[in-house]
Amino acid sequence: NASDPRTPAPTSAELFERALKVIPSGVNSPVRAFGSVGGNPPFIVSASGALLRDADGREYVDMVGSWGPMILGHANPSVVEAVREAAGKGLSFGAPQPGEVLLAEELTSRVRPLEQIRLVNSGTEATMSALRLARAATGRDVVVKFAGCYHGHVDALLAEAGSGVATFALPGSAGVTAATAKDTVVLPYGDREALTELFSQRGGEIAAIITEAAPANMGVVPPPVQDGTGFNRFLADTAHAAGALLISDEVLSGFRAGAEGQYGIDGEGWEPDLMTFGKVIGGGLPVGAFGGRAELMRLLAPAGPVYQAGTLSGNPLATAAGLATLAGLDDAAYETISRASLAVQEAVASALADAGVPHVVQSTGTLFSVFFRDQPVHTYEDAKDQNTEAFTRFFHSLLEQGVHLPPSAFEAWFLSTAHTDQVLDRLFEALPAAAKAAAQG
Ligand code: PMP
């Protein structure tokens, strides 16, 4: 009887055993299952700042941040208060509400290429909708994506995807029809020649190129600059020359790599046609967004012919959380995260070097990840060629010492304004033993 105070709360192990009976693999999103690192995941019962507390009463320094949204730390008082206040006024109206306007104004004023946006409930919905819009706008079917980039579990975008698809070494997903797969062309990330070749043969069929503005779902791969031209700009130029669109996916990098996402890092003088967002803009509640030039966005229903909708889209609690989170993201916040990010990168590199563990730390802005190999990673092929067993030992040693990394060697590490020096000291103290464990293969 759960309501009897004498009944002890279930432990993580008990919860996982029960979960396995009623939830596939016990989880609602694959990478949470610890499938590639082994062991059972702790069940988190509460979180505050940079710390997680599990059902067994253990505390962890959180390096996952709900995979990106918790950039102001968990249970940030101003975000929680904004959600509480919104909740008191009603949970969902199914009619326009002021928070939608405020969040759209906030996003369009912070990110230059955005003239109009639509809010959705996840990053997956954002990329799915942007792709439909791009196909409608161009009257073409083919989409080009890059191996190792993840854009959510959209049928057309699962081929050679990053994130969990990479973690579990899957080529794509069962259940995607051949008809859908045939309209997706996958190229190696950063390969300008392959892209030029493809466009010279099939340019007239291509609706859009979609890319992670900064790939971070195979680990972080900064977009390469060649002869002064960044890869994203090259993609925009190549697409535009053929009448195709560029969809820049900033679901992960947006408002995290820096104040204006990867777009702010890439430099001026060019624009993607459509952009997608998620994670940070919902502050931990389910929010995604896609947007771009008004002339494209006007093709959406009801004014235009492209159908796209959502019962809970623009939900008042979600917009309140997003607005409060963005309000907390001033220059000082990015400065704090940037300092923490550099300190962690240096400490991890030095601990692994001391233990003789081959590693490469890669970053763009404040976004970074650690690869367990000694050569830089430019492509998904490179990312797959790393010592995931060493990572697994490193991961478990840190977990035992109270530091929760993403449970995969293919994921970015996520910091927040709550990762103070005091919190990070716990990580720094744990690193030497974890690096030693990684070395003992
Ligand atoms: N695009 C990118 C770049 C992502 O990192 C993710 C999620 N990790 C998605 C899309 C999908 O977002 P969601 O999980 O909210 O559907």
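In which kind of crossing, left-handed or right-handed, does α3 pass α11?

1. The model is predicted. In it, the crossing of α3 past α11 is left-handed. The contact draws on Gly99, Glu100, Leu102, Leu103 and Glu106 from α3, and on Pro316, Thr319, Ala320, Gly322, Leu323 and Leu326 from α11. By class, these residues are six nonpolar, three polar and two charged. Helix α3 spans residues 98–110 and helix α11 spans residues 316–328; their axes are 9 Å apart and meet at an angle of about 35 degrees.

2. Two domains are assigned: domain 1 takes in 12–75 + 330–439, and domain 2 takes in 78–328.

3. The contact between the domains involves 31 residues of domain 1 and 38 residues of domain 2. On the domain 1 side, at least two residues each come from α12 (331–354), β13 (360–364), β14 (367–371) and α13 (380–384). Strand β14 gives the largest share of that side, with four residues. The side of domain 1 that touches domain 2 has no charged residues; its members are 18 nonpolar and 13 polar.

4. Lys279 carries an annotation in the UniProt record, from an unreviewed entry: "modified residue: N6-(pyridoxal phosphate)lysine". The residue sits in the loop between β11 (274–277) and β12 (288–292). Is Lys279 buried or exposed? Lys279 is buried, because 27 C-beta neighbours fall inside 10 Å, where 20 or more are needed. Leaving out residues up to four places away in sequence, Lys279 touches Trp67, Gly68, Pro69, Gly123, Val251 and Leu252.

5. Trp67, one of the residues touched by Lys279, has a backbone feature to check. Its phi is positive, about 65 degrees, although Trp67 is not a glycine. Trp67 belongs to the loop between β3 (59–62) and α2 (77–88). Trp67 counts as buried because it has 20 C-beta neighbours inside 10 Å, and the cut-off is 20 or more.

6. Phe34 also needs a look at its backbone. Phi of Phe34 is near 60 degrees, which is a positive value in a residue other than glycine. The loop between α1 (12–22) and β1 (44–48) holds Phe34. With 21 other C-beta atoms within 10 Å, Phe34 is buried.

7. Which residues does a cis peptide bond join? The bond is between Ala301 and Pro302, and its omega is about 10 degrees. Pro302 is placed in the loop between α10 (294–297) and α11.

8. Leu352 is part of helix α12, one of the elements on the side of domain 1 that touches domain 2. Leu352 is buried, since 24 other C-beta atoms lie within 10 Å. Apart from residues up to four places away in sequence, Leu352 touches Val357, His359, Ala435 and Ala438. Leu352 and Tyr60 are 292 residues apart along the chain, and 21 Å separates their C-alpha atoms.

Definitions and conventions:
Residues numbered from 1 in each chain as written. Predicted model: local features only at pLDDT ≥ 70, side-chain atom pairs only at ≥ 80, totals over all residues. Axes fitted to C-alpha atoms, helices over the stretch in contact; angles between N-to-C directions. Left-handed = near helix turned anticlockwise from the far one by under 90°. Contact = placed C-beta atoms within 7 Å. Nonpolar A, V, L, I, M, F, W, Y, C, P; charged D, E, K, R; others polar. Domains from an automatic or database assignment. UniProt positions renumbered as here; feature names shortened; annotations may be inferred. Buried ≥ 20, exposed ≤ 12 C-beta atoms within 10 Å, placed from the backbone.
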